[in-house]
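Here is a walk through one structure, taken in short steps. Keep the viewer open as you read.

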Amino acid sequence: MNLTPREVAVAGDVPYSIHVGPGLLDDGALLARSVRGRDAMLVSDAHVAPLYADRVAAALQAARPDLRIHRHVLPPGEASKTLASFADVTDALADARMRRDATLFALGGGVIGDLAGFAAACWMRGIDCVQLPTTLLAMVDSSVGGKTAVDLPQGKNLVGAFHPPRAVIADTAALRTLPARELRAGLAEVVKYGALGDAAFLDWIDANADALLAMDDAALAEAIARSCAHKAAIVARDPFEHGERALLNLGHTFGHAIETEQGYGGLNHGEAVAVGMVLAARLSEALGLAPAADTRRLRDLLVRLQLPVDVPPGLDPERLLAHMRLDKKATAGGLRFIVWRGAGRAEVVGDVPESAVLSVLREA
Ligand SMILES: NC(=O)c1ccc[n+]([C@@H]2O[C@H](COP(=O)([O-])OP(=O)(O)OC[C@H]3O[C@@H](n4cnc5c(N)ncnc54)[C@H](O)[C@@H]3O)[C@@H](O)[C@H]2O)c1
Ligand SMILES: O=C(O)C(=O)C[C@@H](O)[C@H](O)[C@H](O)COP(=O)(O)O
Ligand SMILES: [Zn+2]
């Protein structure tokens, strides 16, 4: 298996590349390639910064001795993806006197990528952002495609913007320090790509589940490259989610409702998506769109990947449904869901009766 760096191109108005490989956080020339001005801000969290920020800063500085590199470090975890943290980042950008040609580097998981990406989208109406994902989830999903946001108590990612990065640089060696629970969370989004559009990839994940859980370098590199290729293709065709991109939301209507109801302190995003995909499969079954055997297969794979597949105890179905009414896919016509029609086949369905959603939640 090929462990040399791979590059996935993302087409669009402003095309960019996803670079994947071991050691890329030390590649100063690559890091500096997207820097236009003389200021850079490294935004990270308190787990990731002590591990990687000095290395990134040193590599950048060596490539660009004239660059002023500022840093801002946030508390780790979903609880930081708030308007208050957004204001902290913009205060830091103001204190550092960052101008329009400055570059923001988002070093961390999806929380830092979404939050710092949103700050980059808004600061002076938009500065360059380079995503340096350090979790599997961020490497396969959140760093790509330009969705940035913060959460509100009322719902996930409710305030945000589309702001594609200038580049994505994923150093796969950073996964060595990732806690096992966070690795598994990333695998949920990997399964999502197979489930929604690539039956052969789902078979591959099935066959390589143990290697992925054991953090086998070759298996992870393959999973990241194939996932990025899927996401890149979809966002190139539909960057603003007018149609096909909504498929990337498989499992998210349920998953986001669970995260919101738990106050962003229960299941993490990947875990909630795992539960959500099983619920979406059950809903598809209830609507007569998919056979039960497919749901069982998806559930079994997620269980093998040591991901949760049941709604956490104590969550009220009515309250979860109320969160879903504020899902970004919902319209005046009602709830819209990504239904699953078996391996590699998903579609967006509108006018889903709330009674069907409630019975799936009650049975879960
Ligand atoms: N924008 C998108 O398209 C998109 C896609 C998927 C998910 N998301 C968002 O991403 C977020 C979840 O991202 P996540 O799962 O990466 O969570 P996260 O950013 O909270 O990271 C998980 C944990 O791992 C730690 N960590 C990160 N990298 C590490 C490393 N290499 N070594 C040790 N510890 C490390 C972090 O400090 C944190 O504690 C959610 O907010 C979700 O909504 C966005
Ligand atoms: O990139 C997308 O589009 C996705 O839906 C990817 C999801 O995995 C991700 O969680 C995204 O942040 C969800 O977007 P939202 O629009 O439902 O908030
Ligand atoms: Zn997601």
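Where is Val360 found? Val360 sits in helix H14. Helices (H or I, at least four residues) and strands (E, at least two) are DSSP runs, numbered from the N terminus. Before going further, note that this is a predicted model, in which local features need pLDDT of at least 70, side-chain atom pairs count only at pLDDT 80 or more, and totals for chains, interfaces and linings use all residues. Residues are numbered from 1 along each chain as its sequence is written, while chains are lettered from A and ligands numbered from 1 in the order in which they are written.

Start with confidence. pLDDT is the predictor's confidence in each residue, from 0 to 100. The chain has a mean pLDDT of 97, and 99% of its residues reach 70 or more. Strand S5 (residues 103-108) has the highest confidence, at 99. S1 has the lowest, at a mean of 94. For the complex, the predictor gives an ipTM of 0.99 and a pTM of 0.98.

Back to helix H14, which covers residues 354-363. Val360 is buried because 22 other C-beta atoms lie within 10 Å. The cut-offs are these: a residue is buried if 20 or more other C-beta atoms lie within 10 Å of its own, exposed if 12 or fewer, and partly exposed in between, with C-beta atoms placed from the backbone. Val360 touches Leu279, Arg282, Leu283 and Ala286, leaving aside residues up to four places away in sequence. Two residues are in contact if their C-beta atoms, placed from the backbone, lie within 7 Å. Glu259 is 101 residues from Val360 along the chain, and their C-alpha atoms are separated by 18 Å. Ser355 is also found in H14. Ser355 is exposed, since it has 10 other C-beta atoms within 10 Å. From Ser355 to Arg226 is 129 residues in sequence and 37 Å in space, C-alpha to C-alpha.

Now zoom out. The chain is divided into domain 1 (6-177) and domain 2 (180-363). These bounds come from an automatic or database domain assignment. The domain centres, taken over C-alpha atoms, are 25 Å apart. At their interface, 28 residues of domain 1 are in contact with 32 residues of domain 2. On the domain 1 side, the elements giving two or more residues are strand S1 (6-10), strand S2 (16-21), helix H5 (136-142) and strand S8 (155-162). H5 gives the most, with 5 residues. This side divides into 15 nonpolar, 8 polar and 5 charged residues. Here Ala, Val, Leu, Ile, Met, Phe, Trp, Tyr, Cys and Pro count as nonpolar, Asp, Glu, Lys and Arg as charged, and the others, Gly among them, as polar.

Follow S1 and S2 next. A hairpin joins S1 to S2 through 5 residues. The two strands run antiparallel and are joined by 5 bridges. Strands pair if DSSP finds at least two bridges between them. Val8 stands opposite Ile18 in S2. On to strand S9 (residues 167-171): S2 runs parallel to S9, again with 5 bridges. His19 has Ile169 of S9 as its bridge partner. S2 is largely enclosed by the rest of the structure, because 5 of its 6 residues are buried.

Which residues come nearest to ligand 1? Of the 31 residues around ligand 1, they are His47, Gly109, Gly110, Thr135 and Ser142. A residue is near a molecule or strand if its C-beta atom, placed from the backbone, lies within 6 Å of it. The ligand 1 shell draws at least three residues from each of domain 1 and domain 2. It divides into 10 nonpolar, 14 polar and 7 charged residues.

Ligand 2 lies between the domains, because both give residues to its shell. Among the surrounding residues are Asp141, Lys147, Asn157, Glu241 and Arg245. The shell divides into 1 nonpolar, 4 polar and 7 charged residues.

Asn157 is placed in strand S8. Asn157 is buried because it has 20 C-beta neighbours inside 10 Å. Asn157 has a positive phi of about 55 degrees although it is not a glycine. Most residues other than glycine have a negative phi.
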